[in-house]
Amino acid sequence: MKNKFSKIIIFGFVISFLSIFWLGLKKDNSYNTKDLIGGKITNFQLRSIYNSDLITEENLKKNQFTLINFFASWCAPCRLEHKYLVKLVNQKKNIKILGINFKDKKNNAKTFLNELGDPYYFVAEDTDGKASILFGIYGIPESILIDKELTVIKKIIGPIDQEKLEEIFRLIK
Amino acid sequence: MILRKIIILYFLLFTCLQSKEVKIDLIEIYKNLRCLVCQGQSVADSNSDFASTIKLVVEDQVKEGKTKEEIYDFLISKYGEWIVYQPSLNKNNFLLWFLPYLILVFGGLIIFFIIRKSKHNKAN
Amino acid sequence: MLSNIGSILILSVLSLSLLIIYNSYLDLKNNNQLIKKSIYSLSLFQITFTILSFFTLIVGFIYSDFSIINVYENSHSEKPLFYKIAGSWGNHEGSLLLWINILVLFSYLFLIFNHKHNKKFRLYTLIFQNFLILGFIIFLLINSNPFSSIYPVPLDGLGLNPILQDPALAIHPPLLYIGFVGCSIYFSAAIASMLSEYSGKQFALAIKSWVQISWVFQTLGITVGSIWAYYELGWGGFWFWDPVENASLLPWFAISALMHSVMVLEKRNTLYEWVIILCLLTFILSVTGTFLVRSGILNSVHTFANDPSRGLYILLFLSLMVFTSLIIFFKKRKKEIYSFKSSSKETFILANNWFMVFFLATVLIGTIYPIFLDVITGAKVSVGPPFYNTVIIPLVIPFLLLMTFGPQSSWIKSKKETLYKTFYILLGAFIINSTLFYFFGSFGFYSNLILITATFLILHSVIDAKKSIKNRKTFEYPRIISHLGFGMLVFFIGINHHHSIETDFNLKVGETKILYGYELFFENITIEPNKNYKSIIGDFKITDLKKNYTQYLNPEIRVYTNPETLTYEAAIKSKISSDLYLTMSNVSRSDFYNIKFQNKPFMIWIWISAFTIALGGFVQLILKKNEK
């Protein structure tokens, strides 16, 4: 009676432990972006790399969709993804891209854009990288897709490729 | 006699101590933050870019006069709970904090009953 | 060629295990008191072939035979010889082979050193130990074979991770595995004991030395690992409550508890059931630890094999082990009658076990909780040093008190006078600490208590030592040494934790920084080519402003080419009273270097304390040997 009960409890315990280990094996250890989707982006104020113009989250409300893209001239994967950004603004008129130049020198950024094309309707500077933390960025390239209520629809970690581009197309229909 | 010698030795040992205890809030905060792009290192230990950026942000906030909790809350709102090494006391983590003490109490009870039963056995 | 030799040797060991199991099973039915000679010979062959197989792998590394995939993946022709050899066990497959070696070694040693004990018991132990061996060999063969070959033979290897090229790290795995894997023998012995009904004092005597050996090596392994982390990893810490570190600590708590309970079983013939549970639990924890570390389920700076298929196999093996031991335990357990007086040594040892189980449970829960939460709710949390420190530290205080009072009590019943004497010493410790408190500034409530109780333990141990030497009670030396070591460890870690100065700032060449009574002048950067890396050395002039004493520290950044990695070598000046610690890393795309400058009191004493703890166990083994 009492013995049987404790045996069942112990066996149950052991089985659940082992099952959770087994399930844990199948889990993916990579970055968790689920939480951010549905939330609103932070309030911010950034300066342009070209002049003393400022941009805040209020400005983004005017766009139907905005892709906030973190990039730098010294970042190799950023060079690879850049053409997809250019494609994005050429093919879709309801989305604008805000470029945030991360830990970079303004001249290098300008050269980068002259060479590879400028898909950004505004390029903000983030020389010390602090702004990236406001957006919950891990590294570059990284992009956040928001709608005009500033709600996060998707967070893309790593360079945008054809597949991710098509997904963006689907999301901004 | 021996005790006296030991006490003297003790004081000699302590004259070697460099200086008083220092409270270093920044480093304590860095130690409590996980470097999210590293494999199991804190922001204090990591040499990564991400860690240095986080350090800048934390420094700024400390200068602004924010408390530790406010800084942690800020970073948790951006990156989720797992950026902080000290799990907070909420419904998710309740078991985590509660179970060890439960086991402590449980173990103590077992020992208590064993001793009581022994007294009982001895009495018989 | 070597790869073929190695594979053949392993297959031979596999066949020998099967033969041993079969022959032992047959011999069980034999009424002869002695174990058949053939079983001894089979075991001898088994250990010989196992060691030869490991030797083969080492030869492959020494001669850089890149036709062996394992050598290719973990070595390079330019590696220094010592690290070529260490590379053989510094990777998943090689370490698994080492694991098997130790399983077989302990199997053989247990067989030949235990002839005074019951035959059925020894045969069952051999059988179950060989089941374990089989399990690991099958794992090796289907998933992690260090002798798999590659064709065409590559010209050179991928190199060994430079962080692993360190003497402390080279000996850390062998030391730790003797601890981890040594527990296997008393796991098998526990099952054997239940099946052959060879229990009580005899069983305690059979496993006592093995528990001791595994404990000493586990302690040494953990200590050396911490020393390596301090000197090599460049953050000035030595324990991070990282999942892999925790995985090595869990068996340590269990073995420590077991070591004490075996004493009770031997002296008073009670607690048999609990000793069995601990024997089973220890190796189960070892295998669980291996699972956590090698399956990729946890995020850690140490994980060296991120392969879920490996994890699956280990999990299956672990499940088999757990279910087998549980079923046999429930079938064979008998009701035990306890007779413990509240002030007897047995009760204090029970209390020790109580605390050990608590510490074990805390570390286990903290390590596994993120997995549980992730699987059940999908939420991700981190459990790090703040959790463990908050939960464990307050309980260390009563634990230290128990450690001091416990040995003073006698078996069965204590005299009142001994307890009074102890109380006076506690008072002495309190007075000392209060004076220090007064002179050197407050430590905070818990820290104060910890230092008092640690001091109490140290003082009492020293007084005990004098008494034991006077009365020639040599059997008390091991306990006094280990308990003293533990008190010292807590004491020095406490002081170190509170008086460490840690700074983190950015500096350019030519700049000076003044902080905490030190002036740091970043003189220069020099670049030096080396055998398989390029060194970027920083020249720092550190002036202690109070003592007007200058010294030079040279931290390094090492740029390796095979594989392409960066390591940061700390510059450490160790003195008896403190260590000065400096690391330098470059801030990308800038002239600045990130500097971490630390002053850490009594670091050397922390290592000395840890070694003292192990020394006690070592002395115990020597005393036992001399007894014979």
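**View 1. The largest nonpolar core of the predicted model.** This core holds 174 residues. Of these, C:Y186, C:F203, C:I207, C:F283 and C:F359 touch the most other members. Helix α7 of chain C, residues 167-196, gives the core 17 residues, the largest share.

**View 2. The surroundings of C:F359.** Leaving aside residues up to four places away in sequence, C:F359 touches C:F253 along with C:I392, C:L395, C:V396 and C:F399.

**View 3. The contact between chain A and chain C.** Chain A brings 22 residues to this contact, and chain C brings 29 residues. About 2,200 Å² is buried between the two chains, with 75% of that area given by carbon and sulfur atoms. On the chain A side, A:I20, A:F21 and A:L25 supply 30% of the area that chain A buries against chain C, more than any other three residues.

**View 4. Residue types and polar pairs where chain A meets chain C.** The side of chain A that touches chain C divides into 12 nonpolar, 5 polar and 5 charged residues. How many salt bridges are counted between chain A and chain C? The count is 0.

Methods
Residues are numbered from 1 along each chain as its sequence is written. Chains are lettered from A and ligands numbered from 1 in the order in which they are written. This is a predicted model: local features need pLDDT of at least 70, side-chain atom pairs count only at pLDDT 80 or more; totals for chains, interfaces and linings use all residues. Side-chain values use heavy atoms; hydrogens and water are left out. Contact means heavy atoms within 4.5 Å. Buried area is the accessible area (1.4 Å probe) that two parts lose on being put together, summed over both. A salt bridge is a side-chain nitrogen of Lys or Arg within 4 Å of a carboxyl oxygen of Asp or Glu. A polar contact is a pair of N or O atoms within 3.5 Å; within protein, one must be able to donate a hydrogen and the other to accept it, and residues adjacent in sequence count only if both atoms are side-chain atoms. Ala, Val, Leu, Ile, Met, Phe, Trp, Tyr, Cys and Pro count as nonpolar, Asp, Glu, Lys and Arg as charged, and the others, Gly among them, as polar. A nonpolar core is a set of buried Ala, Val, Leu, Ile, Met, Phe, Trp, Tyr and Cys residues joined through side-chain atoms within 4.5 Å. Buried means under 20% relative accessible area, exposed over 50%, partly exposed in between (1.4 Å probe, protein chains only). Helices (H or I, at least four residues) and strands (E, at least two) are DSSP runs, numbered from the N terminus.
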